[in-house]
Amino acid sequence: MGTHNQHTHNFTQQFEFSGKAKTWSLIAILIGVAAIAYGFLLDTTEYHSVRTFANLLLMGYYFTCVCAAGAFFLALQLVTQSAWSAGFIRIPQAFAKVLPIASVILLVICAAGLFSHNLYHHWNVEGITEVGNEHYDAAIAKKAGFLNTPFFLIRLVFFLTIYSTFALVLTRFSNREDMSGGLSNYKKSFKISAIFLVIFGFTTPIWAFDTIMSLEAHWFSTMFGWYNFAAMFISGLCAITVTVILLKKAGYMSWVNHNHIHDLGKFVFAFSIFWTYIWFSQFLLIWYANIPEETVYFFKRWEPEYMPWFWLNIVINFLAPVLILMTRDAKRRTNTLLAVCILLLCGHWLDYYLMIMPGTVESNREFGITELGIFIGFVGLFSFLMMSQLAKKPLAAKNHPFLEESLHHSI
């Protein structure tokens, strides 16, 4: 049977990034650039700069999270020595290769927003920590050792550099494995992945505290980091699943079958429930304790500007995947799973929107050219960079030690 599979599958097959895929991704990038220019130069609303920066932060963070989730998924498969994913491991590797670029973009957005006082203005005000100053804030002053510009940027640079370095190292070992075979590079990848997962697990919550929670520096939640991790991982899983399905539809990766799709569907289903568990746990504890410095977070999101989106967030990110993907057959139908994953990618955009907008634009919420254009631009940028990386290597990791087992994956 192994010989049969070797003859019926073309493991040298490479993705060709050209034609409509490249054209549409470039058009999307241009739309994004035009939307940013509109937001800064032509938008006549009072808070246009804050609104534009908030949308840039939203998509910059989302972009980086999806790439980081690809690196996390890759490391997780290596540490658990999973065979089922060996046939499409090139896809999370492509995500991981884009992570350094996404990290630089996020750093530029955060630094520009910080120094222009369009982002993080809750704690980045001159004199806010000086007793007697008109801007003095006792709560912020207590956090000044952590929330100050140099330390904030140092942490952000450190975390993103570490994540990007590990991502590139893991992909490099895989490339070497393709050339030389054997288990040497796989064993090195195993060790590196174990170290990365420990570092990633401990630092991801702090990264979320810095990048998102500090937008509303008076508020805090120890669960917020894991809530962000859940959103990040489910978004990454959906992006991986969409990529696999679209490649299959385009005639690539014949070795990936309905059993692999089913397992991806189970991951999407399971982590949607996990996201809801963390969301509800955070909400219930804050609602029940009713402590003012905690309830202010949800109070803002129950204002008329955000209340409909607050409940729609739960409908899209919990009810939709649970009700649609409940059965075994639903997870094995590629069109159904594709539709759910696209819906969830939009749903977690809304999730990040609700994390960011009430602490930046507050009640001056708008939805128009800026929001839609920047969203389209970042989708185009991710697609262009990810597919460019995907086209550089064969779609099968031919010397992966578990590739043969992946070919016979059946559930």
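R172 lies in helix α6, where helices (H or I, at least four residues) and strands (E, at least two) are DSSP runs numbered from the N terminus. The model is predicted, so local features need pLDDT of at least 70 and side-chain atom pairs count only at pLDDT 80 or more, while totals for chains, interfaces and linings use all residues. Residues are numbered from 1 along each chain as its sequence is written, and side-chain values use heavy atoms, with hydrogens and water left out.

R172 is partly exposed, at a relative accessible area of 49%; buried means under 20%, exposed over 50%, and partly exposed in between (1.4 Å probe, protein chains only).

On the surface, R172, R176, K187, K188 and K191 gather in a patch of positive charge. The elements giving two or more residues to this patch are α6 (149-180) and α7 (184-211). The most comes from α7, with three residues. Patches are made of residues with over 30% relative accessible area and no salt bridge, like charges being joined within 9 Å and nonpolar side chains (Val, Leu, Ile, Met, Phe, Trp, Tyr) within 5 Å. A salt bridge is a side-chain nitrogen of Lys or Arg within 4 Å of a carboxyl oxygen of Asp or Glu.

How many disulfides does the structure hold? It holds zero disulfides, a disulfide being a pair of cysteine sulfur atoms within 2.5 Å. For C65, the closest cysteine sulfur is in C67, 9.4 Å away, which is too far for a bond. C65 counts as buried, at 1% relative accessibility. For C346, the closest cysteine sulfur is in C238, 10 Å away, again too far for a bond. C346 counts as partly exposed, at 39% relative accessibility.

Conventions
Accessible areas come from the Shrake-Rupley method with a 1.4 Å probe; for residues, only the protein chains shown count as cover. Lys and Arg count as positive and Asp and Glu as negative; His and the chain ends are not counted. The place of a charge is taken as NZ of Lys, CZ of Arg, CG of Asp or CD of Glu.
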